[in-house]
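Please read them alongside the coordinates.

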Amino acid sequence: MTSTGAARGRAGRAGVAQVGGFEAVFLDPVGQAVQQRWADAAMTVAFEDLPPVSAFPVVPGRRWGPGLWWSATTGRHVTAGSNAMRTQLMVLDRDPDVTGLAGRPVRLLWRDSRGRTRSWVPQLFARRADGTALLADCPGHPNAGGERAQNAARAVAEACADIGWAYRRLPPLDDLLAANLKWLAGYRHPRNAGRPGLTEAVLEAFTRPRSLIEGAEAVGDPIAVLPAVFHALWHGQLTTGLDTPLHERVLVGPRGWSSPGTTGGAQ
C-alpha cells in the first residue's frame, strides 16, 4: 500500500465525478484535496492514516460535539463527530480483526441516474487484518439523515461491494452494553496493565471462572489489581458477560470462556 503522496501523481485535483463510476476525494500530506478513481484509491491509499477530508459539523444545541478518541489499536487519536460515532469507534477499537481506524478520511463522488453529481463522506473507516475495509455511518436512530442518507448508503454500499469492501449503517448499541464497554474502555491504555508480571498473575487467577473481586483479591490489593483486570477484559485476554451490569460479583473467565446466559458468548 503506497502513501497518498505516491497516489497523488496519478490523480487530478478534486472536481466532478466521471460518468459511470465512483471517484474518491481525500487529502494529500500537505492538505490538498486529491481526486482519484475509487477502485485505484482503494488499492493504493492508506485511508486509515489520513485526516478528515472535511470537518465534522457542529450542531448548535447538541450536548456532544466533535472530539477525539484515543485508539488502543493504533495508539493515535481518531476524530469522532458524535456520541453515536464515539460508541461505534469503541466497538471497533476492541475488535481484534481491526488494524486501523480513521474518521471521515474519504469522500465518494458519483452520478445518479439523471446525471447529477452526488457525494457522501462516510463517518468511519476501519481497516481489517486481511487488507479489506469497512466504511460506516453511525446514525443515532434508523431514520437519521432522511432520504438523502438512505440513497447515499445504497450508493456507497455498491462502491464498496465493487472492490470487496463493506459498508454499514451501524445501529446504536443497547444502553447497558454501551455502558459496560465505556467502563472497560476507560482502562484500554497500556498503563493500566500495571507493574511487570501483573498481567500474567491476573490471567492465572482467572484460569477458572470466578467472581471479579475474588480473582482480584487472589492477586493482591484490589485497588492495584482491578485496573489490570479491566485492561485484560477490554483486550479480550479475559471474558465476562456484558449484557448484565458489571459489578464485583460478576463472573470472569479466561479467553474463550462463555458466561452462562450471555447472548452470543462473552466478549
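1. Is Cys138 buried or exposed? Cys138 is buried, because its relative accessible area is 4%; buried means under 20% relative accessible area, exposed over 50% and partly exposed in between, with a 1.4 Å probe and protein chains only. Cys160 is buried too, with a value of 0%.

2. On the basis of the model: it is predicted, so local features need pLDDT of at least 70 and side-chain atom pairs count only at pLDDT 80 or more, while totals for chains, interfaces and linings use all residues. Residues are numbered from 1 along each chain as its sequence is written, and side-chain values use heavy atoms, with hydrogens and water left out.

3. The number of disulfides (cysteine sulfur atoms paired within 2.5 Å) is 0.

4. Aromatic pairs number 10 in the whole structure. Rings of Phe, Tyr and Trp (its six-membered ring) pair if their centres lie within 6.5 Å; planes under 30 degrees apart are stacked, over 60 edge-to-face, and the rest tilted. Trp38 and Trp165 are edge-to-face, because their ring centres are 5.5 Å apart and their planes stand at 85 degrees. This pair links distant parts of the chain, 127 residues apart: Trp38 belongs to helix α2 (residues 38-44), and Trp165 to the loop between α4 (146-162) and β11 (166-169). Helices (H or I, at least four residues) and strands (E, at least two) are DSSP runs numbered from the N terminus. Trp38 and Trp165 are both buried.

5. Phe26, Trp38, Phe47, Phe125 and Trp165 form a cluster through ring pairs.
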